[in-house]
Structure formats: structure tokens, C-alpha cells
Amino acid sequence: MVPDKGIFIVADGMGGHAAGEVASEMAVRVIAREIGSLQGLSDEQVAERMRLSIRAANGAIFERTLTEHDKRGMGTTVTGLTLFSNRFLIGQVGDSRAYLLRDGKLTQVTKDHSYVQEQVDAGYLTPEQARTHPYSNVITRCVGANADVMPDVYVGSVRPGDLFLLASDGLTGMLEDPQLAEIMKSAREPQEQVDALIDDANRHGGLDNITAIMVRIDQVDASAGGRDTEANTLPG
């Protein structure tokens, strides 16, 4: 988290404990550095900055897998949120998710890059079947596995009271969306809500490492102007 720059990133590493930890740390560090200042940029310019930042992280991680034998096969998911000029933009690769709670309604902003999501999209599985499928943890896109990667990008306006949740599948694999919403709607501070989400996920099995960030929008600069209020996907 780099709150003064409006940058929040969740990265869930893979490839063995040590290698996964390296990949996720590299991704967070490179992306936060490469995004830089977004002042005065348009949605399309910020989207391109996010894509280039994630691709830079991908290149650095992939290069390391080629030169260090014990790092072969490592990679990481990335879900990055950046806030700028009363707007939000999310860049995503993998199955870590971004949610938005607005006016009491919880929406999953991102779409998983996973085998089961592809099966759901094709009509072969229902969302309920996907949750318990033996391949539910198989992702189809990650940062660092190949020479290049193309992130998905989502953009929209922020409103006072908006609550964003970024989370690894260690959380979302244990809790259904209504359970997430119940805790996010509670009159608690974001840190207390994160603690409650993690406690709940552990009570439901806690089968994987859990990373979660909660970002609450308390105030929006009205002078910045506004456009759409829904999250839209920008073409890559």
C-alpha cells in the first residue's frame, strides 16, 4: 500500500514458498515504482501506465526464472488499484479479486483468469460448481510465467462511501460474496473489517494464505468533475 500515491496492490505468489514470495514481492515493488504520478492523466493514459507497469514486473520476474534455477516456474497474481482525480483504475492478472461495495451492493469488479471461470463462461460449469471444482485453483494467466502478459483493466468514478476490497483467493475461496458483503457493511473501521474477514476465512477452513486490503473513500474532490459511475473495462 502506498496511500499517499493512491496505489494498492495484492499479489499472490506461486512456484514454491520461497519463489512465490520473491515473485509477489518483485511485482508489488516494480508496479508501485513504475506507475509513478498520475496527475493530469486521462483514463486511457492511466490504463496504459498500469499495463506497462504490470508488464515490466512480468519481464523482471520472467528474466529471473531464466537465470536462477531455483526460481523456475515462479509467478504471481496481481490486482492493483490506483486512485486519481476522483477516478479508480484496477489492473488485474490471475485470480486475486477486486470488489466494490457501493450503496449497500457488493460487485465483483474483476473477472478471474482461471480454468473454472473459462468453463463458467463457456456454459460448462455453474458458478456453484466452479467453487468446489478440483481445478478451482488453476489460473490461466499470471505475472512472470511467460515473456509477456496482458492485464485486464477496469475504470470508473469513485463516490464518498465506496469501499474497495482487494483479496487473494485464500479469502474468496473460503467465503461466499454474501459473507464478504455482511462484514463489509458493518460499521467498523477498514482494518477491523479486514481482520474479521481473515478470521472468518480461517474458521471456514483457511486452506491458503490470505491477503486482503480494504480501501474506503471518505471524501471526493467535487471540482475534479465526474463521468461514469460504473466500472468499465478498457480494451487492451
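Analyst: A residue counts as buried when its relative accessible area is under 20%. The model discussed here is a predicted one.

User: What share of the 236 residues in the chain is buried?

Analyst: With the cut-off for burial at under 20% relative accessible area, the count is taken over the 236 residues of the chain. The buried residues make up 48%.

User: What radius of gyration does the chain have, and what would a compact globule have?

Analyst: For 236 residues, a compact globule would have a radius of gyration near 18 Å. The C-alpha atoms fill a box of roughly 50 × 40 × 35 Å along the principal axes. The value for the chain agrees with that of the globule, being 17 Å.

User: How far apart do the centres of the positive and negative side chains lie?

Analyst: The chain carries 22 positive and 34 negative side chains. The centres of these two sets are separated by 3 Å.

User: How are the rings of tyrosine 115 and tyrosine 135 arranged?

Analyst: The whole structure holds 2 aromatic pairs. In the pair of tyrosine 115 and tyrosine 135, the ring centres are 5.7 Å apart and the planes stand at 75°, and because planes over 60 degrees apart count as edge-to-face, the arrangement is edge-to-face.

User: Which parts of the chain does this pair link?

Analyst: The two residues are 20 apart in the chain. Tyrosine 115, partly exposed at 29% relative accessibility, lies in helix 3. Tyrosine 135, partly exposed at 47%, lies in the loop between helix 4 and strand 8.

Technical notes: Residues are numbered from 1 along each chain as its sequence is written. This is a predicted model: local features need pLDDT of at least 70, side-chain atom pairs count only at pLDDT 80 or more; totals for chains, interfaces and linings use all residues. Side-chain values use heavy atoms; hydrogens and water are left out. Rings of Phe, Tyr and Trp (its six-membered ring) pair if their centres lie within 6.5 Å; planes under 30 degrees apart count as stacked, over 60 as edge-to-face and the rest as tilted. Helices (H or I, at least four residues) and strands (E, at least two) are DSSP runs, numbered from the N terminus. Buried means under 20% relative accessible area, exposed over 50%, partly exposed in between (1.4 Å probe, protein chains only). The radius of gyration is taken over C-alpha atoms; the globule rule is 2.2 Å times the number of residues to the power 0.38. Lys and Arg count as positive and Asp and Glu as negative; His and the chain ends are not counted. The place of a charge is taken as NZ of Lys, CZ of Arg, CG of Asp or CD of Glu.
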